[in-house]
Amino acid sequence: MYSASYCAVRHRWEFVLFIGNYASQNHVAWGSLKIRLDYAYTQNSSIGDTAMTSAAPASQYDVVVIGAGFAGMYTLHRLRELKLRVKVLEAGDGVGGTWYWNRYPGARCDVESLEYSYSFSDDLQQEWEWPERFAVQPDILKYANHVADRFDLRRDIQFNTRVKSATFDRQTNCWTIGTTTGEMLSANFCIMASGNLSLPRVPDFKGLNNFKGKWYHTGQWPHEKVDFTGKRVGIIGTGASGIQTIPVVAKEAKHLHVFQRTANFSVPSVNHKLSPEVVKKHKANYKQARAEANKTPFGISGYPPPSKNVLDDSEADREVIFEKKWNTGGNISFLYSYKDLLINKDANEAVSEFVRRKIRTIVKDAKVAQILCPDDHYIGTKRLPLDTDYFETFNRPNVTLVNIKNAPIVEITEKGIKTTEGEYEFDAIIFATGFDAMTGAIMDIDIQVTDGAELRKKWSGGPKTYLGLMTAGFPNMLIITGPGSPSVKTNMISAIEQHVDWIFDLLKHVKDKQYARVEADLDAEEKWVKHVNEVADSTLYPLANSWYVGANIPGKPRIFMPYVAGLDKYRVICDQVAAEGYRGMVLAR
Ligand code: N01
């Protein structure tokens, strides 16, 4: 293992030479330059080495984790077991990630709360009470805060800190991580826990700065309640965020105009309070439920695998099945009704048509219903939103659907939104326009290696990873739920726990064997990327213009990013890789 102190010496000079006007409690002014004073020197230490750990300066770590959402929090908790010096850097002023930022009205998880929660601590899962079947954002954030307190995580999380750059030095095997405030930290390992949907995107409409009213993005919602009472509101976007926001804002606003470019499928959540009996029963069987979840493609228990193809059943029989699913609620259970729903176009069309019939039945104005009926993608090939009264909301007299498919928005004006057909005046505009998904938050950071490698260059044609966990040429960087892993196609917390547990084993191995550098092998990466694409191409997923393929970002390369073979299969592959001495990776001393 490299000498961590050597890394420190180099950094001392880098600080002096390149960021001379940086000041913090670890630095003192000396003329116009600032010099670090607090480096300790030890020889030949490795990650977690006691000598290094006790003597290392405040800004030198074994591991820096970027992000304090569910991934970052669990990473910190687990790596403490290895007695590593871990620092988590978080842009927000609190934990929770997605659930910290997405505070829009109606925000609710589409995975049931008894499943969408950590499984690593039985005490935690026994003591925590989820009030509703599908948890609302404030309850999930409360849970994240409870976890942070219960496991004393905050002392190793630095809030209000956005990472701007990360550079790996091949001489010292050390990452230097720079923040937007000019702070520099060094660490042997850099773990990206920066989330898949964490870089919100407001389309670059002409004139946004001219708008005199207030505007909001669902993914960056204010902490205080936004009161739309008596207001004229326009909302752009009918993805999962828009579909959840629209019914709630419609109840408050004087009038709501919904600007829809592409009609979306949605199914009812049928959310309800959880009865004490249901909770008690689930808690008594938590262990079995989690074990069962781990054997499913999406990390959720309670849904037996389907045994039939859609067209094996008669139309009448299918109708009974989908009617039952529709009335029971849930999107995963809906799509998991048959084996071939996401593989076979005819099978999918039968199901898509069931939902279109529902839309036509619910929405009273036939013309509005027709505009709301999706006709450009197969159901489930875009994330299937889960709603409460979404289609019903279009029956309200204070809601107007504006079809911008053929009459697009041309600009935001002082007064509101102008399309090719007219201008609409608003007091507030909501952008439910999504995220630069899966790669956005990672590529927002300038990630480089001293040999000249730049991640933005490497991924300019689309992300390339080995197992979604690392990318060749960028040693000692690990990604949690990265592109090429099941991530967003599963219960995210199950996916996070699987990744973090695997990373824990890897870092334990690295520490025990005194390795300095861990890197994905380029050949293994290429094979993995090919496999991810082959699996995707055997489904209908890549056909949709979804954020899974980056279609929502103009100019983003069209690559299907998640691994859709299922979390169960993926877990087996990762375990095999580890069992075979980390096949496809180069571990060096
Ligand atoms: O974003 P989206 P989201 N002009 O990208 C429209 C997760 N999530 O924030 O389809 C006009 O899906 C765009 O139109 P089009 C979940 O995984 C989970 O809603 O590109 N319209 C679309 O209608 C989800 O999939 C939960 O034609 C423009 C919308 O904006 C993911 O987050 C809740 C436009 C964007 O939809 C992202 O969902 C919420 C433009 N220039 C979110 N640009 C739950 O757990 C974009 N649009 C329940």
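## Terms and basis

A residue is called buried when its relative accessible area is under 20%, exposed when it is over 50%, and partly exposed in between, using a 1.4 Å probe and protein chains only. By this rule Ser487, with a relative accessible area of 0%, is buried.

This is a predicted model, in which local features need pLDDT of at least 70 and side-chain atom pairs count only at pLDDT 80 or more, while totals for chains, interfaces and linings use all residues. Residues are numbered from 1 along each chain as its sequence is written, and side-chain values use heavy atoms, with hydrogens and water left out.

## Overall fold

The protein chain has 19 helices and 22 strands. These are DSSP runs numbered from the N terminus: helices are H or I with at least four residues, and strands are E with at least two. The C-alpha atoms fill a box of roughly 75 × 55 × 45 Å along the principal axes. The radius of gyration, taken over C-alpha atoms, is compared with a globule rule of 2.2 Å times the number of residues to the power 0.38. For 589 residues a compact globule would have a value near 25 Å, and the protein chain agrees, with 25 Å.

Of the 589 residues, 59% count as buried. A contact means heavy atoms within 4.5 Å. Among contacts with a separation of 6 or more, residues 24 or more positions apart account for 71%.

## Surface and charge

The protein chain exposes about 24,400 Å², and carbon and sulfur atoms supply 51% of this area. Accessible areas come from the Shrake-Rupley method with a 1.4 Å probe; for residues, only the protein chains shown count as cover.

There are 71 positive and 68 negative side chains, and the centres of the two sets lie 2 Å apart. Lys and Arg count as positive and Asp and Glu as negative, without His or the chain ends. Each charge is placed at NZ of Lys, CZ of Arg, CG of Asp or CD of Glu.

## Confidence

The predictor's confidence in each residue is its pLDDT, from 0 to 100. The protein chain averages 90, and 90% of the residues score at least 70. Over residues 50-55 the pLDDT is below 50, and this stretch has 15 contacts in the model beyond near neighbours in sequence. Residues 1-45 stay under 50, and the model has 94 contacts for them beyond four places in sequence.

## Two positive phi angles

Most residues other than glycine have a negative phi. Asp152 is not a glycine, yet has a positive phi of about 50 degrees. Asp152 lies in the loop between helix 6 (137-150) and strand 5 (157-158), and counts as partly exposed because its relative accessibility is 38%.

Ser487 is not a glycine either, and has a positive phi of about 30 degrees. Ser487 lies in the loop between strand 20 (477-479) and helix 17 (492-512).

## Two buried residues

Ala263 lies in the loop between strand 11 (255-260) and strand 12 (267-268). With 8% relative accessibility, Ala263 counts as buried. Leaving aside neighbours within four places in sequence, Ala263 is in contact with Ile371, Leu372, Cys373, Pro374, Asp376 and His377.

Leu335 is found in helix 11 (residues 332-335), and its 16% relative accessibility makes it count as buried. Residues up to four places away in sequence aside, Leu335 touches Leu341, Ile379, Gly380 and Leu384. The C-alpha atoms of Leu335 and Val351, 16 residues apart along the chain, are separated by 9.0 Å.
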